[in-house]
Amino acid sequence: MTGPPAEGPPSPYLQVGLLFVCEALTRTSAVILLTTMGLAGSRLTPDPSLTTLPLALVPVATTLTTIPAAHWMRRHGRRTGFLTGGGLGVAGAAVAAAAAWHGEFLLLCAGALLIGTVNGFATYYRFAAAEVSPPAFRSRAISLVMAGGVIAAVAGATMAAETRFLWEGREFAGSFGCIVVLQALILLVMSFTRLPPPTPRSEAGGGRPLTRIAAHPTFRMALLGGVASWGLMSLLMNATPLSMERHHHAFHDTARVIQWHVLGMYVPSFFTGSIVQRVGERPVMFAGILLIGVSALVNLGGTEVAWYMTGLTLLGVGWNFLFVSCTSLLTGTYSGEGEKTRVQSANDFLIFATMILSSFSSGALEARIGWYQLNLAALAATALVAATLAGLAWRERRLAGEEARHAAPEPR
């Protein structure tokens with residue numbers, strides 16, 4: 001009599017699909033949070049100058065969590081790390097819901113900090129997708145997981161609006177309660193995943209120091225592209241609603257522009273990975289930075305809704321091309337668990353730190369120099385990034401040529 005058949009290896013396609021669902025739930029939570037947290041702060045704050053403090057604490061918590069989250073997952077595995085992030089999300093959203101229910105501003109700030117830690121873990125979904133996939137499917141896996149943002153673009157704002165007054169007299173408690181449910185669903189979906197187990201402690205360390213890895217032009221290209229994609233995108237995206245309000249556009253027009261921007265960010269993910277697989281990371285990377293520059297040029301065309309919508313949609317597509325290609329490029333710059341943890345955590349820490357800086361500066365810049373000058377500055381920054389990436393690509397090719405010559409056998 002034979003026992004049950006042995007369980008086969010996990011399907012990478014199933015694992016990527018489950019990570020896609022988790023990404024969609026995470027991004028939907030983020031859209032609800034961005035839609036409601038600022039308004040909730042304005043209702044509960046004892047001092048109008050502190051209105052945006054809860055919202056500002058979210059990216060700060062994300063940035064501070066990225067490195068500890070990477071080390072936690074190195075010791076306990078991706079699955080445990082993502083379950084930890086989901087648990088923190090449930091707790092944070094519950095605290096925020098309680099704050100809205102009882103009208104407590106400090107409790108809202110505490111909830112914002114806890115919810116902010118979620119992205120510190122969830123940012124590694126794309127790397128987990130790469131790790132469970134064969135090399136030929138890796139760039140597509142990264143891209144497909146990020147496509148979960150499409151669901152957030154469609155569902156997030158609607159869910160925030162529908163749950164805002166779920167309980168009469170308790171504004172936003174229902175919205176934060178909705179995030180509790182979404183984060184709990186992440187825990188459920190993650191329980192079905194079969195991600196690689198943690199590396200034994202004896203193998204988890206070692207590898208090259210980060211300073212040596214960072215000396216290679218390929219790493220610098222991947223890092224610069226990732227940081228620039230988020231920095232330039234956040235700068236222009238966060239300034240857009242302010243500029244549209246200054247030019248007397250209706251709120252529903254602004255919401256439509258932002259929705260098209262988010263769709264531009266995530267819809268291409270269904271095919272960006274295939275393009276990267278076909279032509280390589282570097283052409284897609286340069287196409288992405290070019291599209292970001294074109295978006296700034298379009299923004300210079302005028303302040304009618306059509307200009308904002310076209311410019312922001314192109315900005316989203318450029319961000320997608322640049323970020324997906326640079327993430328794929330980054331996965332080839334390290335080997336071993338120790339190097340992986342150092343590289344991924346440093347990369348995402350710098351990305352989120354840049355995003356905070358650009359998000360906070362965009363409003364001040366739009367108010368002081370105006371929409372036109374802001375886009376001129378973004379265009380100049382884009383040109384500088386493109387020139388630097390071109391220089392690094394030239395150094396990378398030259399270095400590869402030197403290594404090939406040294407590896408070739410001496411002629412007799």
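I started with W319 and F323: both sit in helix α15 (residues 305–330), and because they are four residues apart there, about one helical turn separates them. I noted that helices are DSSP runs of H or I with at least four residues, numbered from the N terminus.

I was working with a predicted model, where local features need pLDDT of at least 70, side-chain atom pairs count only at pLDDT 80 or more, and totals for chains, interfaces and linings use all residues. Residues are numbered from 1 along each chain as its sequence is written, and side-chain values use heavy atoms, leaving out hydrogens and water.

Next, I looked up aromatic pairs and found nine in the structure. Rings of Phe, Tyr and Trp (its six-membered ring) pair if their centres lie within 6.5 Å; planes under 30 degrees apart count as stacked, over 60 as edge-to-face, the rest as tilted.

How are the rings of W101 and W167 arranged? Their centres are 5.7 Å apart and their planes at 75 degrees, so I logged the pair as edge-to-face. This pair links distant parts of the chain, 66 residues apart: W101 is in helix α3 (residues 78–102), and W167 is in the loop between α7 (149–163) and α8 (173–190).

Back to W319 and F323: with centres 5.3 Å apart and planes at 20 degrees, the pair is stacked.

Then I checked exposure (buried is under 20% relative accessible area, exposed over 50%, partly exposed in between, with a 1.4 Å probe and protein chains only). W101 is partly exposed at 34%, and W167 is partly exposed at 39%. W319 is buried at 0%, and F323 is buried at 6%.

Last entry: ring pairs join W230, Y266, W319 and F323 into a cluster.

Key: Helix = DSSP H or I, 4+ residues; strand = E, 2+ residues; numbered from the N terminus.
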